[in-house]
Amino acid sequence: MNQIWNREYETMDRDELRGLQSKRLQMSLRWAVANVPFYRDSWEKAGLKPQDIRSLDDLEKVPFTTKDAFKESYPYGLFAVPLERVVRVHSSTGTTSRPTVVGYTRGDLNTWAELCARGVTAGGARPHDVAQVAFGYGMQTGAFGLHAGLERIGAMVIPASTGNTRRQLTIMRDYGTTVLVSTPSYALYIAEAAADMGFSFDDLELRVGLFGAEPWTNAVREELERRMGISATDNYGLSEVMGPGMSGECYLKDGLHVNEDHFIVEVVDPETGEKLPEGKEGELVFTSLTKEAVPVLRYRTGDLASVSYRPCACGRTFARHTKVYARTDDMMIVRGVNVFPSQVEEVLMAVEGVEPHFQILIDRRGALDEMVVQIEVEPSFFPDAMRRLVEFERQIEDRLQEDLGVRARVKLVEPKSLPRHTGKARRVIDKR
Ligand SMILES: [Zn+2]
């Protein structure tokens, strides 16, 4: 199972790695401040000059960059190179406001493919694989990034894109797909559709799932591995920083290795911005070391995790961050209690008879918040007596209360009555 794409860097001695990071950091800071007015201004305001940052420890002095900087600089304000040097742009969906736009030089695309090649290799993809990419090919980074990484290792790529789930399964069977690339929610949907269509994963060649682009729990991993008969790993990336390939799990599935020769990862307190020590959970912050078109300095991801520098048995020396279960943006405050959708998922997945499809509705009833969790149950459940349903609802309500510290109303719904997602899942509807 264990194979390393780039031994020279991925297993580099940590002292040597810190030396390389320090050298590259100097260059990246100078590059950003010299070429991007946003950084020049924010450094001036902070009374900081690139020569003030002498070591990696000085990085703490550098002001944070947030998503707002991208929105305010829409579309090209954060670019450090003239547009004629940019060969590709991508952007976020921008569902609620202006999208964040990022650009890549030829060199950036080369680095991106290299880092995705490392990630897909760590997740178990090999040159002989047939990889079906079921991420949307569009403005977002997921499909193009992993596509390039898979091609670089020599795998055969099927750019299936999202949607048309029956066709996905037909392709999977006819083309002999061995690697599936998608969001975990879409993979669950595909697994369900397969059962409906009478496809058995025992008859398919599929053996590896490379999943990412949304928070998901280990319970969902186990479910996907069991249903599809695969090994499923998590990979992580944000378009503002680069896209997928920033970090990914190795076959040990115990944290995501950060490509530290190209990024510095920090964990900060989401409230105070103070840097947190190894092992403490907080918000992930990334600084790019080699990006040309859109360098990012101390980008606040909004994703919660902790970082470990302990050596990994796979041989990689790169730091690992824990699986991202939650984004600061996803946090719901229900009657004063902080609740993350992933906590709800964790509880539900532990209950026998519950399907991995649920939706959380939050509303206000008078002065009180009301949280309703709609859950699909196994088809065999419904013919049974009403009494059993009510009992079952109470039982889940109790478990949720125990874990979340807040009472939710549970409503069991018919199998397949909740929306399915071909991209990122939308778990919460907040009507307040
Ligand atoms: Zn490892």
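The structure is a predicted model: local features need pLDDT of at least 70, side-chain atom pairs count only at pLDDT 80 or more, and totals for chains, interfaces and linings use all residues. Residues are numbered from 1 along each chain as its sequence is written.

Start with the domains. The chain splits into domain 1 (1-329) and domain 2 (331-430); these bounds come from an automatic or database domain assignment. Taken over C-alpha atoms, the domain centres are 30 Å apart. Domain 1 puts 18 residues into the contact and domain 2 puts in 14 residues. Two residues are in contact if their C-beta atoms, placed from the backbone, lie within 7 Å.

On the side of domain 1 that touches domain 2, helix 8 (184-197) and helix 9 (218-228) each supply at least two residues. Helices (H or I, at least four residues) and strands (E, at least two) are DSSP runs, numbered from the N terminus. Helix 8 gives the largest share of that side, four residues. By class, that side of domain 1 has nine nonpolar, seven polar and two charged residues. Ala, Val, Leu, Ile, Met, Phe, Trp, Tyr, Cys and Pro count as nonpolar, Asp, Glu, Lys and Arg as charged, and the others, Gly among them, as polar.

Now the helix pair. Helix 5 (residues 106-122) packs against helix 6 (residues 142-153) at about 75°, with the axes 7 Å apart. Axes are lines fitted to C-alpha atoms, for helices over the stretch in contact, and angles run from 0 to 180 degrees between N-to-C directions. Helix 5 is therefore roughly perpendicular to helix 6, a label for angles of 65 to 115 degrees. The contact includes W112, E114 and C116 of helix 5 and L146, L150 and R152 of helix 6. Its residues divide into nine nonpolar, four polar and two charged.

Next, strand 6 (residues 208-212). Five of its five residues are buried, meaning that 20 or more other C-beta atoms, placed from the backbone, lie within 10 Å of a residue's own. V208, L210 and G212 lie on one side, G209 and F211 on the other. Strand 5 (residues 179-182) runs parallel to strand 6, joined by four bridges. V179 stands opposite V208.

Four strands form it in the order 10-11-12-15, with antiparallel pairing. Two strands pair if DSSP finds at least two bridges between them. Strand 10 (263-268) and strand 15 (326-327) are the edges. Strand 11 (residues 282-288) and strand 12 (residues 299-305) pair over four bridges. There, G282 has A305 as its bridge partner.

How values were computed:
Parallel < 35°, antiparallel > 145°, perpendicular 65-115°, else oblique. Buried ≥ 20, exposed ≤ 12 C-beta atoms within 10 Å, placed from the backbone.
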